Amino acid sequence: MDSMGARKIRVLLAKVGLDGHDRGVKTVARYLADSGMEVIFTGLRSTPEQVVEAAVQEDVDVVGLSFLAGDHMTLAPRVIDGLRQRGLHALVVLGGVIPQRDIPALEQTGTARVFLPGTPPERIVEYIRGTVELNPGT
Amino acid sequence: MPDLKADLKRWQETTLQRTLDRSPERKPAFTTDSGIPVKSLYTSLDAPSADYLESVGFPGEFPYTRGVYPSMYRGQLWTMRQYAGFGAAEETNRRFRYLLERGSTGLSIAFDLPTQLGLDSDDPLAEGAVGRVGVAVDTLADMETIFQGIPLDKVSTSMTINATAPILLAMYIAVGEKQGVAQAKLTGTTQNDILKEFIARGTYIFPPEPSLKLALDIVEYCFGQVPRWNTMNIAGYHIREAGADAIQELAFTLADAITYIEKARERGLDVDEFAPRLSYSLGCFRDLFEEVAKYRAARRLFARIMKERFGAKDPRSYLFRTFSGSCGSTLVSQQPLNNIVRVTMHALMGALGGHQAIHTACWDEGYAIPSESAAQIALRTQQILAYESGVANTIDPLAGSYYVESLTNEIETRAQAYLERIDAMGGMLKAIDSGFISREIQESSIRYQKQVDSGEKVIVGLNRFQEEEQAAGTMELFQVDPAVEARQRGTLSALRAGRDQNAVSSALAELDAVIGRNENVMPVVIRAVKAYATVGEISAVMRRAWGEYRSPAYI
């Protein structure tokens with residue numbers, strides 16, 4: 001709660017899978033935190049189950065997953081399914097090296113938005129703020 | 001030179017100032033990509049010739065600023081070593097042969113993440129990652145296939161492998177033996193630089209101490225048995241890619257090297273026994289002169305450290321031999337063909353910088369595993385530079401440039417200051433453990449991003465000169481066969497069914513005992529891979545003995 005009593009937007013960021021490249025996710029983490037959001041980063045090599053558990057425990061509004069190793073089609077749906085099973089309706093966004101051809105399928109399975117390389121971090125901040133504030137409680 | 005100084009002042013105050021009064025410079029201040037201030041003009045005042053012999057000297061002589069070998073590219077061009085690997089062993093074998101047939105002079109294997117992290121292809125944690133960012137290797141059988149028709153006495157092979165390096169090197173030795181090539185004749189490199197995994201790249205398995213023990217097992221074993229092998233490639237490349245600037249990249253690489261050398265000496269190895277087989281890697285980023293100055297400063301600073309700090313006597317211990325490569329983070333997904341031009345600049349930096357081997361990136365690798373045609377262009381870029389441009393005709397051609405010499409001095413001074421800070425903290429292991437190194441890199445990374453956001457750093461096609469985005473969906477992108485994971489699991493289970501299980505079990509039990517006695521694991525790991533024990537099985541023995549490291553998540 002900030003001084004106005006409004007709940008801060010809570011974001012969980014994670015590297016799911018085996019990839020260790022975390023420059024991008026850490027950059028996004030910094031920008032989100034600097035814009036006043038609560039940011040939790042689960043560190044490298046989280047399993048989908050760990051991410052779901054942390055998201056539920058922390059009662060987050062947004063789950064952001066970073067993928068650079070081509071395993072997004074396997075792992076992103078697992079996180080989303082896990083969140084649904086636990087009844088957490090967090091906004092799920094993806095970032096990283098993700099081929100265009102995969103985006104429609106990701107969006108159909110519950111990913112709200114995919115941010116590709118070169119996206120200005122401020123645009124991610126604006127998107128999250130706009131989407132969460134427009135749909136409180138989703 | 002008092003006259004020059006006075007004359008320079010006169011020029012600044014009259015000729016230059018008159019022009020600036022009419023039309024000011026484009027920016028209030030100019031800096032290198034890493035933020036070192038750049039003056040409008042450099043003269044011999046910035047690089048006094050009186051210092052030449054002591055600080056620049058001759059190629060192949062201390063302090064090696066001009067190059068590690070006396071004849072450099074006039075004797076032998078750099079090795080054109082293209083990083084490749086994907087799918088299962090057959091696909092990678094085909095790509096290697098494709099590159100060799102087109103004049104590639106060295107191989108560089110990319111392994112998939114499960115192989116790098118000691119997991120078999122049928123491990124649940126490997127799902128979705130088999131054969132994705134590199135080739136999947138579970139057993140010696142995969143390695144045999146990768147090198148089918150490629151004689152190991154005719155090619156040198158660099159392996160980007162760290163936490164599981166002893167296992168993959170053992171397989172390479174075993175493949176050589178099967179081909180009739182003695183291990184003493186093998187040439188190549190294991191990256192085997194675990195410290196930068198903790199700092200930058202993330203593919204560590206075990207805690208730092210046992211990780212260092214494993215790395216040094218390779219150093220020690222090769223000194224006796226595989227004398228032409230480069231036991232480590234101590235890499236700044238990944239540190240740069242994680243967001244460090246050029247000075248941090250150099251300083252942290254040298255701090256890692258100092259740590260390995262100290263640890264090897266604690267084991268009782270003499271510095272001149274192992275230091276000649278250590279090799280290094282620095283990235284090729286954006287700023288041509290800064291990068292060349294970085295390589296020159298690296299050679300000089302390293303030679304001084306080896307001589308003064310470690311008392312090395314063998315001149316081969318002084319050589320900062322390097323494999324350099326295009327920094328992938330400088331490539332841009334928007335208007336991707338522009339990357340061919342960026343990669344040409346990378347190759348130019350590498351050649352002007354005097355590297356022993358160069359990797360050039362493929363223009364499409366921001367999207368996918370490179371296509372064959374993109375891989376061919378990347379190789380041809382090096383060949384055009386080597387054979388058409390004249391850049392290889394003389395040694396260290398930028399030496400004597402007042403600017404480059406001055407920048408070389410500046411980078412050396414700044415890197416040296418970092419090394420002193422790290423020493424004051426009690427060394428690199430403490431600096432890593434305290435989070436200092438991660439924070440320094442993170443701060444640089446954010447600073448860089450803010451400069452891109454503001455447009456202060458221009459990236460063509462991204463924050464200036466943008467085009468309406470063409471549909472990347474129309475690009476011909478390479479796609480790893482989606483069936484590879486199932487295929488690799490099938491191969492693995494067939495192999496497990498057909499091998500001598502007793503030989504595997506006894507080798508793994510012996511490995512456990514060797515770890516318990518804190519002996520060198522290499523001989524027993526070679527025995528285990530020859531019995532077709534898997535990467536996952538061998539790693540599991542080590543995991544049980546040492547546990548796994550979980551890094552604190554700094555943001």
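**Close-ups of chains A and B**

**View 1. Where chain B meets chain A.** The contact draws 32 residues from chain B and 31 residues from chain A, with two residues counted as in contact if their C-beta atoms, placed from the backbone, lie within 7 Å. On the chain B side, helix 5 (113-116) and helix 18 each put in at least two residues. Helix 18 of chain B gives the most, with five residues. Sorted by class, this side of chain B has 16 nonpolar, twelve polar and four charged residues (Ala, Val, Leu, Ile, Met, Phe, Trp, Tyr, Cys and Pro are nonpolar; Asp, Glu, Lys and Arg charged; the others, Gly among them, polar). This is a predicted model: local features need pLDDT of at least 70 and side-chain atom pairs pLDDT 80 or more, while totals for chains, interfaces and linings use all residues. Residues are numbered from 1 along each chain as its sequence is written, and chains are lettered from A and ligands numbered from 1 in the order written.

**View 2. Helix 14 of chain B and its cover.** Helix 14 (residues 338-352) of chain B has 15 residues; helices (H or I, at least four residues) and strands (E, at least two) are DSSP runs numbered from the N terminus. Its buried residues include Asn339(B), Val343(B), His346(B) and Leu352(B) (buried: 20 or more other C-beta atoms within 10 Å; exposed: 12 or fewer; partly exposed: in between; C-beta atoms placed from the backbone). Among the elements covering them are helix 13 (288-309) and helix 15 (372-388) of chain B. Just past helix 14, Gly354(B) takes a positive phi of about 75°.

**View 3. Glu476(B) in its loop.** Glu476(B) sits in the loop between helix 18 (436-454) and helix 19 (484-498) of chain B. Glu476(B) counts as exposed because it has 9 other C-beta atoms within 10 Å.

Terms used
Expected span 1.5 Å × (residues − 1).
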